[in-house]
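Reader: Walk me through this model, please. Start with the terms, then go place by place.

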Amino acid sequence: MRLSLVIKKENVDLEKPVNKLNNILVLQKRIQLVLTLFLLGSFSQIKAQERIPFDQGKKYILAKVSVVGKISFNEQTVVTFSGLQKGQEITIPGEEISSAIKKLGKLGLFDEIAFYVNKVENDSIFLDLNIVELPKLNEVKFVGIKKSKVEGLIKDNNLTKSKIVNENLITTTKNYIENKYKKDGFYNTKVTITTTPDTIAGNNVNMLVRIDKGDKVKISSIDFTGNEQLTDTQLRRAMKDTKQKNIFRVLKASKFIPEKYKTDLEKVIAAYKEKGYRDARIIYDSVTYNKEKNMLAIKINLEEGNKYYFGNIKFLGNTVYSDQQLNRYLGIKKGETYNGVLLEKRIADKTKPDGEDITNLYQNNGYLFSNINAVEVRTANDTIDFEIRITEGPIAYFNKISVVGNDKTNDHVIYRELRTKPGEKYSKELLVRTIREIGQLGFFDPESIDPKFKNVDAAAGTVDIEYNLVEKGSSQVELQGGYGGGGFIGTLGLSFNNFSARNMFKKEAYKPLPMGDGQKVSLRLQGSTYFQTYSVSFSEPWFGGKKPVQFSSSISYSKQFNYSYGNNVNKDQSFNILTLQVGLAKRLTVPDDYFVLSQSISYQHYDLNNYFTGLFTFGNGASRNLAYTVGLTRSNKGVNPIFPTYGSEFSVSAKVTPPYSLFNGVDYSTLGEKDEYKAKSTTEYYGTDGVLVKPNDYINTDGNKVSTPQEAATDQAKVDQQKYNWLEYYKIKFKADWYNKIYGKLVLRTLTEFGFMGAYNQDRGIVPFERFYLGGDGMANYSMDGRETIGLRGYENNSLSPTVNGQQVGATIYNKFSMELRYPITLKPSASIYALTFLEAGSSYNGFQNYNPFDLYRSAGFGLRVFMPAFGLLGIDFGYGFDAQPNETKAHGQEIHFIIGQQF
């Protein structure tokens, strides 16, 4: 007799399709337990007492489970996840089958699960497992939003191809999108998601997401009642994220977000506490929606209470610091107006991790487990007495320090920057400093650096710190092409900022290049039909691997041919420059370890071959520039090097050449009077006086032959060739740069710069090399005279430099002042974007006799910066120059600047 038995059929209730096709399957979502006994032959021959009762199971040995149905998963994998094993004793019906269905259901991959008996041989049973998979996502389309927003929503909701589509995915996506737009003020946002079967790709579905944002719900009014001591304007200003509609407000839009509204109500009370009104409270508030106007009206009823003053303040439990020391940090005296917000900040300022408060005073000295609370102990009339109760606890020490998330950067590159060392006394200041140092490396997303406290053990006095990092791209590519100077100019630059030189000869390290040791290698090629520039540089931040001493070196070669518009390049006339530089920069410990002392030696060789273009007075010969540069810098800006929000950077540097005039024995004041520096003819011709002039004859300023050197004119080219054979000068520069967060994410940057160039020997004069050129975007491009370009937006490039006889000669003095407001749009690792507005002023001068620090070129404007790891910093600025450039008679007006690779 053959047995055919339906054991169990289940459609898992965890996933419920929402499209019309799957509605048919909803009817099948049930658990069935049907036991049907079919006997081969006549049913009349079966006796009642021989039937198997429904609730009585029979034990079998599981011989095999065969997976049937159209599935994409491996058959054995499915059986393994069910928990059933060949040779296992099971009961039919029984818990083993029920448990297997539940296990498969929890995977969230199947729409229908059913077990069937295939056959029974003696005490062995063969089962068929019929499975219907849940549909997978083929494609998703969004309707009702801009195309630029689609990619972000797909990424945020992980709507990738082949994603399992179930009710949980639909619901989660719908809620996320609605909440996202509600936070932006679209409080009536409605999202509808439908799926339809894909007619080509089997068990796949296409998803359509319809988004109806509706109009943005704004706040028509925020009205207060019961307030006498603070005005409505003051209270509205205290509400940082809930603003009523105002056409003049730019940085903060009017929108209503319930969570932020509740926080703003607390800030209203905090505003009263700052003024002494400790008992101020909100009696009630109401938010009324006007459907016709699609606007909200907020009313807040207040009770201000009485004004209070600080009374006696007593410290209890302090043994490490005296009352006098703690009072200096508290900074509150008896009789001052009560300020609950200030009191809280002086005890523990939650807005500043490195703030000067009593909690940080203890935590910076090892007292991680300290606890400090201000307690009101007495209120008499309008005076409140406080006790600052301190539980110091034991001193804590760093135990295990670990780093996770550095997939590319080697451990030693990070660990050498850590200020938190195992076994050392705990210090919050060192923790904050470590976050800054890791961020300044440039290899990790500074916004994602997260130090986690683990195994905090007060009894042992130890704590483990785990720094969680997120790698970001550090290599950059520069690829430019354009038409300028009468020809095509192409640029290719490669910068590898996390290079590993020690792995250059290891084949397995090329992924695609050996990376991870924090070294920097840069290659740059630039060329056109009339010039080429090649450069390579290398830097090692920890030279020798034991101390923070940076070694840097570079070499570059430039070659330019004489070129004029409309003519071919003349390769017989060339100007070549070879530059070599090597330097060391050491991090100091005195006065503090934010200081860096840098030193470098550079050599430049200028070689002119028949290059008579007016750039210099001589067209044949060579100039050499051997210089020593020393600089002192203090920088504590952080934490994001692309968008600093705090700190400053000060630098002063000097670049000097040897004083050749002191020992070369040349009298430069009489150089032009010597015979060898007199003008001689190079060809044969007749002078203006009719006299034949032959080669090597002395000539005067009119080009006529003279009989003696004393009568001859001075050959200025020969004089200058001698003067500038070895360049002699010194340059002093100063720069101060501050960053301050002034409101929310809004950051103010203030900058001042000053530069001066002088000569040791006034008879020799200041060299025409290495001068300052002011104006424009500040991008150097190629230059043949070693000039420094100083940006001043709103004017043309290099346009604000001094001129002599109508020709720019470069400045020997400059000063510049700048103020910039910056606001981040996004600071994600893939792209950091911020907007800015600026005010700038500056000028340059040809000597101290013309210097006037108040006679400045002024400008203003706005711009945008985009930093992408692969391409570096890109930007655009729209500047307006309020003053006339040299040789102009009215305000210069608008200039557009494109920024590549540098900041102002």
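Author: Contact means heavy atoms within 4.5 Å. The model is predicted: local features need pLDDT of at least 70, side-chain atom pairs count only at pLDDT 80 or more, and totals for chains, interfaces and linings use all residues. Residues are numbered from 1 along each chain as its sequence is written, and side-chain values use heavy atoms, with hydrogens and water left out.

Reader: Which residues is serine 843 in contact with, leaving aside neighbours within four places in sequence?

Author: Serine 843 sits in strand β37 (residues 831–845). Strands (E, at least two residues) and helices (H or I, at least four) are DSSP runs, numbered from the N terminus. Its contacts are Leu774, Ile813, Tyr814, Asn815, Asp855, Leu856 and Tyr857.

Reader: What is the relative accessibility class of leucine 580?

Author: Leucine 580 is found in strand β24 (residues 570–587). Beyond four places in sequence, leucine 580 touches Ser554, Ile555, Ile601, Ser602 and Tyr603. Its relative accessibility is 36%, so leucine 580 counts as partly exposed.

Reader: In what order do the 3 strands of the open sheet stand?

Author: Two strands pair if DSSP finds at least two bridges between them. The pairing in this sheet is mixed, and the order is β7-β9-β8.

Reader: Why is one side of β7 and of β8 left without a neighbour in the sheet?

Author: β7 (136–143) and β8 (190–197) each have a single partner strand.

Reader: What is the bridge partner of leucine 137 in β9?

Author: β7 pairs with strand β9 (residues 204–212) in the parallel sense, over 7 bridges. For leucine 137, the partner in β9 is valine 205.

Reader: At about what angle does helix α5 run to β8?

Author: Axes are lines fitted to C-alpha atoms, for helices over the stretch in contact, and angles run from 0 to 180 degrees between N-to-C directions. Helix α5 (residues 167–183) lies across β7, β8 and β9, and its angle to β8 is about 150 degrees.

Reader: Which residue in β6 is the bridge partner of leucine 62?

Author: Strand β3 (residues 58–68) runs parallel to strand β6 (residues 124–133), joined by 7 bridges. In β6, leucine 62 has as its bridge partner isoleucine 125.

Conventions
Buried < 20%, exposed > 50% of the residue type's maximum accessible area, 1.4 Å probe, protein only.
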